[in-house]
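Please read the points below alongside the model, which is displayed first.

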Amino acid sequence: SVPRVDVVTIFPDYLAPLDLSLIGKARTSGLVDLRVHDLREHAHDRHRTVDDSPFGGGAGMVMRPDVWERAIEATASHRRSGAEGDGDGVDEGGTDGRALVVLVPTPSGRPLTQAFAQELADELGAGDRVRAVVACGRYEGIDARLVPALRERSDVDRVVEFSLGDFVLNGGEVAALALLEAVVRLLPGVLGNPESVVEESFSHEAVLEYPVFTRPARWEDREVPPVLLSGDHGAVARWRRAQSLTRTVQRRPELLARLDGLDAVDLATLA
Ligand code: 6GU
């Protein structure tokens, strides 16, 4: 079946960009089943309350674990897209047979990497193995009991808290968009040219992309590096490799610790 991700948020409109561009196209052509849900549908009071003040005092509001658990449970038990389960019109419950991965954006999560995006794309893309739910918190976060409680549920396979980096967003929605953009483009059939995935930064080794140029060959007195106009494919490849390594040394030296086959002498030459 189609790779499926559900996003739960109090601001469904924040996820509107999922209708656009590459992700929008992947959705309309049936390559991915992305659904956005309003957390407030799972509140149980008249005011549709999803948060409350923190025990122990302090600023801001904390999201209630009970509302979140109901939301995730309901999302997980949604029936299969299109065919609606086994066709008898009865909700089969569970996650339509797929293991459920719950993804929780939070600045205290593990840093999002290409390797993680690839792992998730592999799992989601391998047909009937895995589904994902992204639980977007707002305010000061979700009650800390939610994640351990989810981990104990038999209908939850894995809970991954992830972060985009060491800065603070108002909520998880932009992080959900970032994760989905990183993952959806890796799903089978989504990118026209899979070579661009293999070639790009971080995909198989941790070096940065080389700089790219197009017409005009001379622009505002700036020339394109002549080797790129030489027609010598070997020379072009060597120049690009050197540019990638030099850029990495200059901009992200910490990445080179992860690079195989490049010894200290090469590094000293480049630096
Ligand atoms: Cl994943 N969430 C929030 N709220 N802030 C962040 C983040 C995530 N990553 C970086 N800052």
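**Notes on the predicted model**

1. Gly137 is buried, because 25 other C-beta atoms lie within 10 Å; a residue counts as buried if 20 or more other C-beta atoms lie within 10 Å of its own, as exposed if 12 or fewer, and as partly exposed in between, with C-beta atoms placed from the backbone. Gly137 sits in the loop between strand S6 (130-135) and helix H4 (146-151), where helices (H or I, at least four residues) and strands (E, at least two) are DSSP runs numbered from the N terminus. Not counting residues up to four places away in sequence, Gly137 touches Met63, Thr106, Ile142, Gly171 and Gly172, a contact being two C-beta atoms, placed from the backbone, within 7 Å.

2. On provenance, this is a predicted model in which local features need pLDDT of at least 70 and side-chain atom pairs count only at pLDDT 80 or more, whereas totals for chains, interfaces and linings use all residues. Residues are numbered from 1 along each chain as its sequence is written.

3. The UniProt annotation "binding site", from an unreviewed entry, covers Gly137, Leu164, Gly165, Asp166, Phe167, Val168 and Leu169; such annotations may be inferred rather than shown by experiment. Asp166, in the loop between S7 and helix H5 (173-184), is exposed, because 7 other C-beta atoms lie within 10 Å.

4. Which residues are closest to the ligand? Of the 14 residues that surround the ligand, the closest are Pro105, Ser163, Leu164, Leu169 and Ala175, a residue being near a molecule if its C-beta atom, placed from the backbone, lies within 6 Å of it. The elements giving two or more residues to this shell are strand S5 (99-111) and strand S7 (158-163), and S5 gives the most, with 4 residues. By class, the shell holds 8 nonpolar, 6 polar and no charged residues; here Ala, Val, Leu, Ile, Met, Phe, Trp, Tyr, Cys and Pro count as nonpolar, Asp, Glu, Lys and Arg as charged, and the others, Gly among them, as polar.

5. The largest nonpolar core has 50 residues, and those with the most contacts inside it are Val102, Val133, Val134 and Leu180; such a core is a set of buried Ala, Val, Leu, Ile, Met, Phe, Trp, Tyr and Cys residues joined through C-beta atoms within 7 Å. H5 supplies the largest share of this core, 7 residues. Leaving aside neighbours within four places in sequence, the contacts of Val133 include Asp6, Val8, Ile72 and Val102.
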